[in-house]
Amino acid sequence: MAMVNQYVPGREGDISAGDAALIKRRAELLGPAYRLFYEKPLHIVRGEGVWLYDPEGQAYLDVYNNVASVGHCHPHVVEALTKQAAILNTHTRYLHETIVDYAAKLLTKFPAELKHVMFTCTGSEANDLALRIARSYTKGTGVIVTKLAYHGLTLAIAELSPSLGDYIERGPSVKLVPAPDTYRIEGDVGAAFAAGVKQALAEMKEQGIKPCALLVDGIFSSDGVFPGNPGFLKEAVEAVRAAGGIYIADEVQPGFARVGTDWWGFARHGLVPDIVTVGKPMGNGHPIAGAIMKPDVVEEFGRRSRYFNTFGGNPVSCAVGRAVLEVIENENLPTNAAKVGAYMKAGLEKLAERFDIIGDVRGAGLFLGLEFVKDRKSKEPLAAAATHVVNDLRRRKVLISATGPGANILKIRPPLVFTQEHADIFLDAVGQALAGL
């Protein structure tokens, strides 16, 4: 996948001497694998709500960062963090109320069948743990993911993250299936997606591979943001379970009210996953993540393999996680995500009436995709438009990114505290950027 929102050395342009020196130091000290956003990288020193600030005090509207889900530096979350950090921080082998209280509150947000939660520090760890549990439960190794999925960075999970590039080798047990491209698939999207899953299961059977899991992000964000119609995932999940595998719902990106009042991507489909993984927005920027599961799925793993994560589930992280849930509830952010998300989607659809290069507008809650095409008949991706808009918006002090196999889809996921006023700023900036093409 081409990266349209990436700094390329040698194209410094009007970068200040100070930032150029910082870029140089960063490269010397951190090595070659890191990347920076935008043709002109952004130097950030402070955040508050939906705004990020550079060293000169210029404010940038954050329309991309789902990590700070309830807003940058939310006072209630900051207070919970600092209060607990001043009292105690330790691991889970001592008795402590905070982890139990938080677990109880978190589990109320899931279907009743999901009764256990195991804490990690990152979504990558959560998916790695889910995979270990799934292999223990199913005795299988075959995993199905979409063709441009991203599920994390550990060795095992990087193999299940084709969006990282072809440099990452995938063994025969990993099967890639087409994403449920609601823009290009004609007819029943659920049946089309299930057909790909069934084909992968047939290949496993031919190759003597026992199925383990279908692992999918509930909004297929890296594939291009495809929420689809509620319920379309059911046929694929049923096929995997019939073959002896389980359904792992990766909710690291769509979870925690991102998609609106349903709270979770899987909930839109009326499904109860066998395992759910969560992370990023769970701590509003603090590193906390976890796996939530049915008791029978983890029973043998728990009996035969102890689990210990030094920092996963520590008192500070759990206090932060609990505070995030309180903010989502107290500020009614699921309803806000649904309301403001619908407003933004309608605004983008109006822009599509003006600009023919907008091929599709889609999304659920405050997770939207805007796809650019060369023409609406061929639906050929137009990455150049996404590149222009992403970098033009950055110049207008609005932050966004892009995704998809054609690098032509704006990935829109602002903090859940986004208002219609903020949406208007964004929509106006997109309109101006498109008018400048």
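User: Which residue takes a positive phi in the hairpin of strand 14 and strand 15?

Analyst: Gly404, with phi near 100 degrees. That hairpin has 5 residues between the strands. This is a predicted model: local features need pLDDT of at least 70, side-chain atom pairs count only at pLDDT 80 or more, and totals for chains, interfaces and linings use all residues. Residues are numbered from 1 along each chain as its sequence is written, and side-chain values use heavy atoms, with hydrogens and water left out.

User: What makes strand 14 and strand 15 a pair?

Analyst: Pairing needs at least two DSSP bridges between two strands. Strand 14 (residues 401-403) and strand 15 have 3 and run antiparallel, so they pair. Ser401 is the bridge partner of Lys411.

User: How many bridges join strand 12 to strand 15?

Analyst: 4, again antiparallel. Here Gly369 is the partner of Lys411.

User: Why is helix 6 called roughly parallel to helix 7?

Analyst: Their axes cross at roughly 20 degrees and come within 7 Å. Angles under 35 degrees count as roughly parallel, so helix 6 is roughly parallel to helix 7. The crossing is right-handed, meaning that the near helix is turned clockwise from the far one by less than a right angle.

User: Which residues of helix 7 make the contact?

Analyst: Glu235, Ala236, Ala239 and Val240. Contact means heavy atoms within 4.5 Å. Helix 6 contributes residues including Phe193, Val197 and Leu201.

User: Are Ile409 and Leu410 of strand 15 buried or exposed?

Analyst: Buried (under 20% relative accessible area, 1.4 Å probe, protein chains only). Ile409 and Lys411 cover one side, Leu410 and Ile412 the other, and all are buried.

How values were computed: Buried means under 20% relative accessible area, exposed over 50%, partly exposed in between (1.4 Å probe, protein chains only). Helices (H or I, at least four residues) and strands (E, at least two) are DSSP runs, numbered from the N terminus. Axes are lines fitted to C-alpha atoms, for helices over the stretch in contact, and angles run from 0 to 180 degrees between N-to-C directions. Angles under 35 degrees count as roughly parallel, over 145 as roughly antiparallel, 65 to 115 as roughly perpendicular and the rest as oblique.
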